[in-house]
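Here is a friendly briefing to read alongside the model.

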Amino acid sequence: MDPSSLSNPHECKVNSLNLVLTVNFEKSQLQGYVEVVSQIVKEGAEHLILDTNKLEISHCNDVTSNPINFKLEEEHAIFGKALIITIPEGLRSVGKEFIVRVYYNTTVESNALQWLNKEQTAGKQHPYLFSQCQAIHARSLVPCQDSPSNKVKYQAEITAPKPLTALMSALSTGKTESTDSSVFTFTQEIPIPTYLIAIVVGDLESRVIGPRSKVWSEPSMVAAAEYEFANTERFIAAGEDLLTPYVWGRYDILLLPPSFPYGGMENPLLTFVTPTLLAGDRSLEGVVAHEIAHSWCGNLVTNKYWSEFFLNEGFTVFVERKIIGRLYGEEMFDFEAMNGLKHLHDDVDLFTHQHQEKLTALIPNLNGIDPDDAFSSVPYEKGFNLLCYLQSLVGVADFEAWLKSYIAKFSYQSIVATQMKDYFIEYFTEKGKAENIKVVDWENWFNKPGMPLNQVVFVSPAAKVAKDLAEITWIKEQGVNATQNDISSFKTQQIILFLDTLIHSTTDNPLSVDVLEKMDSLYGFTNVVNSEYKFRWQTLCLHSGLKRIEPMVVEFLASQGRMKFVRPLYRELNKVNPELAKSTFIKLKSQYHIIASKMVSKDLGLSN
C-alpha cells in the first residue's frame, strides 16, 4: 500500500484514463470529464477509490449516461479527498472491466496547475497554463490512482482558445478548429505513472533540433532554446548505447516561463525545462542529459513508492554522468560526483539542523509526510554513491552490463529497492562474483541516515585546481596572490565547484567583505548571466554580510521561481535581513508556482 495515496489499485486497478477537458482561462479552470477504465483485481471489490485534491466533482456516469453512486471522504490535509465510486454488483468479479466517467473541474487551489496571465509571460499577449504533477499533484489535475505503483495509458481531448497551442506528455494525434477554439487530441500508449501526465497551453512555437526532437517555447525564446539544446540527440544516442533502445518515439523539450519550480521535469515525449538554463554557451545542458536519462530510470523503471525515490533519481544521476563522461571525457564523471557530494553534505546538514535526520536515509519513512517536504539531493546523490560503490566492487564493464540488464528486466514496472538488490546479488552470483559483493551492508545503505557508507574516492585534476583556488588562494591566503587570469581557462563546472567550495568551507568562518570585494573586482561575479554562478555568488555574499548584494538577490528572486535557487536564497536572506526576506516573498508569492510558494512559506516560518 502506498502511504502517499488514498486509492485502491490492489482491489480495482485503473488501466487507462481518457481526459476530455476545456481550458477556461477566465476562471483558471479545466472543465470536463475523465473516463476511467479499471479492472477488478480483488474478488467482491465494491468500490473504485481515486485520489483527488482541490477538485470539484459534479457527478459520475457510466458510458451510457446512467448515474453511478459516489462520495467524497473528509479531506486529508496532505493527501486530499478519496473519491469512492460504487462498482455495480455485476462487475465485482476478478477480471471484470469497470468504466466510469467522472465529471469535474479543477480549482484555483489545484496544486498541479499554474495559470499565468498575459503580463506574466514573455510575449505579454496571451495567457499560459502548465502543469507539474510530481510528486502527488496529479490528483489535483484529474481524479486518478495517484501512486507510482500503478501505471496507466491515457488519451486526451483538450479544447483551448485560439490562437493557443496545447501540448501533453503524449503523442499529438490531431487538431481541429472552430471559430474561436481548437481541439487537440493526444494518446500515450506506454503505461506511465500519473505524475508523468503533463499539459501546457500557450503561445508556443517550435524548432527542430534533431531527428526526433523539437524545442518548444514562447516565440521570443525559441531561438535561444534551439541553440542551447542542440546536443539533445547526442545525449539520447549515448543513453541508448549505455542502456536499451529509446522506446518513446519523440523527445521534445518545452522551455517554460520563469516560474517553473524545477530545473527540469522528465514528462515523456515532452521534457519541461526552466529558462534559467539559457546561459548562452550550452554550459548548463547537463540538465537535459539528466532528463533524458529519466527516459529509462523513472519513466521505464519506476520507484513503486516515493520512499524509494532513489531508484528514479540516483540511477538517473548515475546515467547522466555516464553520458556526460562519454561525450566530454571520463574525468567529468568524477568531477560531477565531487560537486554532488558537496550538495549532499549541505542537505544532510540542513535536515539534521531541522531535526529531520530521518529524511537523510536512502529509504526514508514517509508515512503521513508530504513527499515534497522530503525533497532534497539525498535520493539523487546518496543513491548515485551507492551505485558507484557497487560498481567499484564488480568493475565498470560488468556493472554497466548489469545496468543494461536491470533496465531490460524491470522496464514498464514499478519496483522497490529490495527487487533491485536481489537482482544485483542474483546477477553477480551467477557471474561468479559473490565474494566481491558479500561485503555490501544493504541494511545500512538503505536505512541509516547521514552521509553514504563506504565512500568511493573520486579523482579529478580539474576539480583539484578549482578546490585549491578556493581553499588556498582565497580561504588560506585571503586572495593576496589572486589574479584575473585565475579562472580564465575554467570550465563552467570548475567555476561552480570553486564557488561551492567557498560556500561549504566558510560556513563557520565567512570570508570578509573586503576579500569578497577583491574577488568581485577580479572575476566580475556580481554581473554574471549564468544562473548557477549568480545563485552561488549571492549565497556567498549574503553569508559574508555584503549588504550591497541584497537588492540584487531580490531582483534574482523576482526573475525566476526555480526552487533550487529561491529556497536557499530566501533562507540565507532571512538570516541577515528577515524583514526583507519576508516582505519580498509576500510581494512575489503570487508569481511563484504554488509548490514553490508552499515550500518557501515553510522555510520562512510563515505557514504550518
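C12 has 0% relative accessibility, so it counts as buried (under 20% relative accessible area, with exposed over 50% and partly exposed in between, using a 1.4 Å probe and protein chains only). This is a predicted model, in which local features need pLDDT of at least 70 and side-chain atom pairs count only at pLDDT 80 or more, while totals for chains, interfaces and linings use all residues. Residues are numbered from 1 along each chain as its sequence is written, and side-chain values use heavy atoms, leaving out hydrogens and water.

**Cysteines**

- The model holds zero disulfides, a disulfide being a pair of cysteine sulfur atoms within 2.5 Å.
- For C12, the closest cysteine sulfur is that of C60, and at 13 Å it is too far for a bond.
- C388 is likewise buried, with a relative accessible area of 3%.
- The closest cysteine sulfur to that of C388 belongs to C297, 13 Å away, which is too far for a bond.

**Nonpolar core**

- The largest nonpolar core has 204 residues, and W402, Y406 and F498 have the most contacts inside it. Such a core is a set of buried Ala, Val, Leu, Ile, Met, Phe, Trp, Tyr and Cys residues joined through side-chain atoms within 4.5 Å.
- Helix α6 (residues 378-394) gives the most to this core, ten residues in number. Helices (H or I, at least four residues) and strands (E, at least two) are DSSP runs, numbered from the N terminus.
- Setting aside neighbours within four places in sequence, F498 is in contact with A466, L469, A470, W474, M519, Y523 and F525; contact means heavy atoms within 4.5 Å.

**Aromatic pairs**

- Rings of Phe, Tyr and Trp (its six-membered ring) pair if their centres lie within 6.5 Å, with planes under 30 degrees apart counted as stacked, over 60 as edge-to-face and the rest as tilted.
- By this rule there are 44 aromatic pairs.
- One of them joins Y523 and F525 edge-to-face, at 5.6 Å centre to centre with 70° between the planes.
- Both Y523 and F525 are buried.
- F525 also pairs with W537: the ring centres are 5.4 Å apart and the planes are at 45°, so this pair is tilted.
- That pair links distant parts of the chain, twelve residues apart: F525 is in the loop between α13 (513-523) and α14 (531-544), and W537 is in helix α14.
- W537 is buried, as is F525.

**Charges over rings**

- R282 lies over the face of Y227, 3.9 Å from the ring centre. A charge sits over a ring if NZ of Lys or CZ of Arg is within 6 Å of the ring centre and within 35 degrees of the ring normal.
- R321 lies over the face of F384, at 4.5 Å from the ring centre.
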